[in-house]
Amino acid sequence: MNFHTRKWVKPEDLNPNKTLFGGRLLQWIDEEAALYAVIQLENQKVVTKYISEINFISSAVTGDIIEIGIEPVSFGKTSLTVRCIVRNKMTHEEILSIDKIVMVNLDENGKPSPHGKTNVEFVKDRLAERKV
């Protein structure tokens with residue numbers, strides 16, 4: 001799994017127990033999954049359709065640096081399914097896992113649209129193809 005995004009836990013990210021608020025973490029995950037889908041599907045119009053069980057394993061506190069990992073699970077006709085792991089950057093202790101986040105590709109009218117993708121593509125490879 002690749003961990004691209006890092007977040008520094010700040011006081012405004014905490015719940016009354018002085019640990020990372022789950023809603024804030026889910027906001028960060030949703031954004032990361034959307035960015036991943038936009039890049040993979042080459043379309044800025046994607047939405048979150050489904051998030052499976054969220055497994056909170058441990059927590060984070062002010063000053064912790066967390067990292068969010070996303071990896072593809074499968075490509076559907078109009079969707080991309082990814083999984084997510086969040087961990088503490090310094091200790092690698094797992095904070096949360098989600099087995100399935102389904103992102104849907106949309107057309108200009110906001111309707112699900114086939115994306116034609118079947119495999120993970122890397123931007124560097126796309127750029128190399130365009131130069132040829």
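Contact here means heavy atoms within 4.5 Å. The close-ups below come from a predicted model, where local features need pLDDT of at least 70, side-chain atom pairs count only at pLDDT 80 or more, and totals for chains, interfaces and linings use all residues. Residues are numbered from 1 along each chain as its sequence is written, and side-chain values use heavy atoms, with hydrogens and water left out.

**View 1. I29 and its partners in the nonpolar core.** Skip the neighbours within four places in sequence, and I29 is in contact with I68, C84, V86, L96, I98 and I101. The largest nonpolar core has 23 residues, and L25, I29, I66, C84, V86 and I101 have the most contacts inside it. (A nonpolar core is a set of buried Ala, Val, Leu, Ile, Met, Phe, Trp, Tyr and Cys residues joined through side-chain atoms within 4.5 Å.) Two or more residues of this core come from each of α1, β4, β5 (79-88) and β6 (94-105), and α1 brings the largest share, 7 residues.

View 2. Helices (H or I, at least four residues) and strands (E, at least two) are DSSP runs, numbered from the N terminus. With its 20 residues, α1 reaches 28 Å from first C-alpha to last, close to the 28 Å expected at 1.5 Å a residue; the expected span is 1.5 Å times one less than the number of residues. Buried residues in α1 include W28, I29, E32 and Y36 (buried is under 20% relative accessible area, exposed over 50%, partly exposed in between, with a 1.4 Å probe and protein chains only). Just past the helix, E42 takes a positive phi of about 55°.

**View 3. Who lines the largest pocket.** The lining splits into 8 nonpolar, 3 polar and 3 charged residues; Ala, Val, Leu, Ile, Met, Phe, Trp, Tyr, Cys and Pro count as nonpolar, Asp, Glu, Lys and Arg as charged, and the others, Gly among them, as polar. Helix α1 gives the most to this lining, with 5 residues.

**View 4. P72 on strand β4.** P72 sits in β4 (residues 65-75) and is partly exposed, with a relative accessible area of 27%. Not counting residues up to four places away in sequence, P72 touches Y36, L80, T81, V82 and V120. P72 and I101 are 29 residues apart in sequence and 9.4 Å apart in space, C-alpha to C-alpha.
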